[in-house]
Amino acid sequence: IMRVGHYDERLPLDCICCQTVLTKSLGPFPEWQGRLQVAKEAGYNMVHFTPLQELGGSNSSYCIRDQLKLNPIFSPAGGKQHTMEDVKKLVDYMKQEWEMLSLTDLVYNHTANESEWIVTHPECVYNVVNSPHLRPAYALDRCIWHMSLQVAQGKWKDRGLPHTISCEDHLNALHSLLADTLIP
């Protein structure tokens with residue numbers, strides 16, 4: 001049972017009506033309240049925020065660059081630098097004034113390649129040293145990567161592979177090259 005509103009009213013779990021918002025699409029933080037009010041007025045009593053943290057280069061909502069930093073896109077250039085404390089104040093307001101609950105994802109296992117944490121703690125990620133069962137997948141991935149570079153350079157034209165793959169015959173030639181020559 002969750003509690004909401006000024007009088008700490010009970011909200012049974014089977015009464016939850018939740019909307020997920022793609023947080024990175026909410027825009028600058030000062031605009032969030034107005035955008036989230038639409039969910040309130042539509043009858044939702046809970047908002048699920050996708051991760052709020054700074055995202056990596058892929059800009060995927062679940063690829064976190066810094067787990068401890070609010071995504072900088074929420075702070076307008078030259079304006080106030082918003083923090084998790086600002087988010088807390090907003091969700092407290094939503095809970096008290098709008099009688100809406102909120103939640104967000106804690107994403108520890110989807111860290112961006114360029115995360116400083118991974119650079120300083122490579123032992124914390126799956127790799128071929130701490131997860132030797134991944135070695136065959138790594139070897140295959142490297143083989144395909146090198147083959148891709150070689151095809152782009154025209155090395156395999158004599159096997160029916162132009163530098164641009166554009167038809168099923170090219171895919172069959174790729175399969176044959178990989179299965180009969182490169183993997184063995």
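## Before we start

What you have here is a predicted model, so to speak with rules attached: local features need pLDDT of at least 70, side-chain atom pairs count only at pLDDT 80 or more, and totals for chains, interfaces and linings use all residues. Residues are numbered from 1 along each chain as its sequence is written, and side-chain values use heavy atoms, with hydrogens and water left out.

## The sheet and its helix

Let's begin with an open sheet of 3 strands, in the order β3-β4-β7, with parallel pairing. Its edge strands, β3 (18–21) and β7 (101–104), each pair on one side only. From one strand to the next, the twist averages 20 degrees. Strands (E, at least two residues) and helices (H or I, at least four) are DSSP runs, numbered from the N terminus, and two strands pair if DSSP finds at least two bridges between them.

Between β3 and β4 (residues 46–49) there are 4 bridges in the parallel sense. Look for Val21, which stands opposite Phe49 in β4. Helix α1 (residues 32–41) packs on the sheet and touches β3 and β4; its direction makes about 125 degrees with that of β4. Contact here means heavy atoms within 4.5 Å, while axes are lines fitted to C-alpha atoms (for helices, over the stretch in contact) and angles run from 0 to 180 degrees between N-to-C directions.

## Two pockets

A pocket is an open set of points on a 1 Å grid over the protein atoms alone, where a 1.4 Å probe fits, with protein on both sides within 12 Å along at least five of seven lines; lining residues have an atom within 4 Å of a point. The largest pocket holds about 230 Å³ of space, a volume being the space filled by probe spheres set on the points. Among its lining residues are Tyr108, Trp117 and Tyr126. That lining has 6 nonpolar, 3 polar and no charged residues (Ala, Val, Leu, Ile, Met, Phe, Trp, Tyr, Cys and Pro count as nonpolar, Asp, Glu, Lys and Arg as charged, the others as polar).

The second largest pocket has about 180 Å³, and its lining divides into 3 nonpolar, 2 polar and 5 charged residues. Strand β6 gives the largest share of this lining, 4 residues.

## An aromatic pair

The whole structure has 4 aromatic pairs (rings of Phe, Tyr and Trp, the last by its six-membered ring, with centres within 6.5 Å; planes under 30 degrees apart count as stacked, over 60 as edge-to-face and the rest as tilted). One of them, Trp32 with Phe49, is stacked, at 6.1 Å centre to centre and 20 degrees between the planes. This pair links distant parts of the chain: Trp32 in helix α1 and Phe49 in strand β4 are 17 residues apart.
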